[in-house]
Amino acid sequence: MRRILAGAAAAVGSALLIAGCSSGAASSGSASGGGSGPVAVRLGYLANITHAPTLIGVKNGYFAKALGSAGTLRTSTYSSGTQETTAILSGQLDAAYVGPNPAINAWQKSGGKAIKIVSGAATGGASIVAKPGVTSARQFKGKSIATPSLGNTQDVAARAWLKQGGLSTSAVGGGDVTVKPTTPNSAAVLEYKSGQIAGASEPSPYDVEMEQAGGRVLLSEPGVTTLLMVTQSFLSAHPAIVNDLLKAQIESNDFIKKDPAQAAKVANSELAAYTGKPLKPKVLTPAFKEITFTDDPDAASLTTDASQAAGVGLLQKASLQGIFDLGPLNSGLRAAGEKQVASS
């Protein structure tokens, strides 16, 4: 992903082709800042269970309720955080739920001037799954492994894990193991089932689907999985709107904590609007359970992610100082009577 921005225009075009408006939302448009009309908030996210707080916030109307007459939510779904980063850096989005590595990439590519991370949303919920005969990283030598996109969180995790096993990878597909960026995520599941790949590093529910197809989980990827980042320009121009987004985010995660079974059903219903069909209960239940839904962005794990990305050659070493702005989130958590979070 660190290098894929050289083809930013093509990636944005691809992202917009697959982007779809959520139920009850208008298509993407520019944020409005003038006049007395509502602010158009362009929000991106992935059609994955790891983005359940967003799916629930849209389906249950939490975002619409929090924004009220002040804002209009305009949503677009993407196949990978790589595409979201390209979109946000090119001015197509105001805010996006992404994995840590796309957020780090946006921060570094802009010299720390484009985005701020304002909240976490989920941790865990991604795994490296392999064919039954593959029991270690070393056994991937000469084989192929799929990831969602070059430089995304699962891609970096897979490359770092393979490197720890003594195997090399390349951004262009060379090395001891061929890493295949594969979109959409469901395509990786099909390639796994047909034997085209020896395994994959995927988020929930796709890792669960591969495991249920006979796969072996070799690594349950730790740390933050989903974050909310906003452009610094939008945060500066519309701080109250960002507060509203965070209020809805907190409400979504509270709903999940109070009734996880019902929350899973709601998220699945909204997910089906994008994928064309809901997840089967045998996939949905374990997929939801493997994720911890939390507003805490787990700042320590973000540092680990940045170090791993640099270690596999997808990111230059860079300081993350200033990447978080958790003041608005902590204000929202205080108002909800909940524990505040730290940025270090």
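Predicted model: local features only at pLDDT ≥ 70, side-chain atom pairs only at ≥ 80, totals over all residues.
**Stop 1: Asp295.** Select Asp295, in the loop between strand E11 (291–293) and helix H13 (299–311).

Is Asp295 buried or exposed? Asp295 is buried, yet has no salt bridge. Show Lys257, the nearest side chain of opposite charge, 4.8 Å away. A salt bridge has to fall within 4 Å.

Leaving aside residues up to four places away in sequence, Asp295 touches Ser119, Gly120, Gln249, Ile250, Asn253, Leu329, Leu333 and Glu338.

**Stop 2: the largest pocket.** Move to the largest pocket, with a volume of about 740 Å³. Select Ser186, Tyr206, Glu209, Lys277 and Leu279: of the 25 lining residues, these are the closest to the centre of the pocket. Next, colour the elements that each give two or more residues to the lining: strand E2 (71–78) and helices H7 (185–194), H8 (206–212), H11 (260–275) and H12 (281–289). H7 supplies the largest share, five residues.

**Stop 3: helix H2.** Select residues 52–59. Seven of the eight residues of this helix, H2, are buried, so H2 is largely enclosed by the rest of the structure. The buried ones are Ala52, Pro53, Thr54, Leu55, Ile56, Gly57 and Val58. Finish at Gly61, which follows H2 and has a positive phi, near 80°.

Methods. Residues numbered from 1 in each chain as written. Heavy atoms only, no water. Helix = DSSP H or I, 4+ residues; strand = E, 2+ residues; numbered from the N terminus. Buried < 20%, exposed > 50% of the residue type's maximum accessible area, 1.4 Å probe, protein only. Lys, Arg positive; Asp, Glu negative; His and termini not counted. Contact = heavy atoms within 4.5 Å. 1 Å grid on protein atoms, 1.4 Å probe; cavity = no way out; pocket = protein on both sides within 12 Å on 5 of 7 lines; lining within 4 Å. Points joined across faces, edges and corners; volume = space filled by probe spheres on them.
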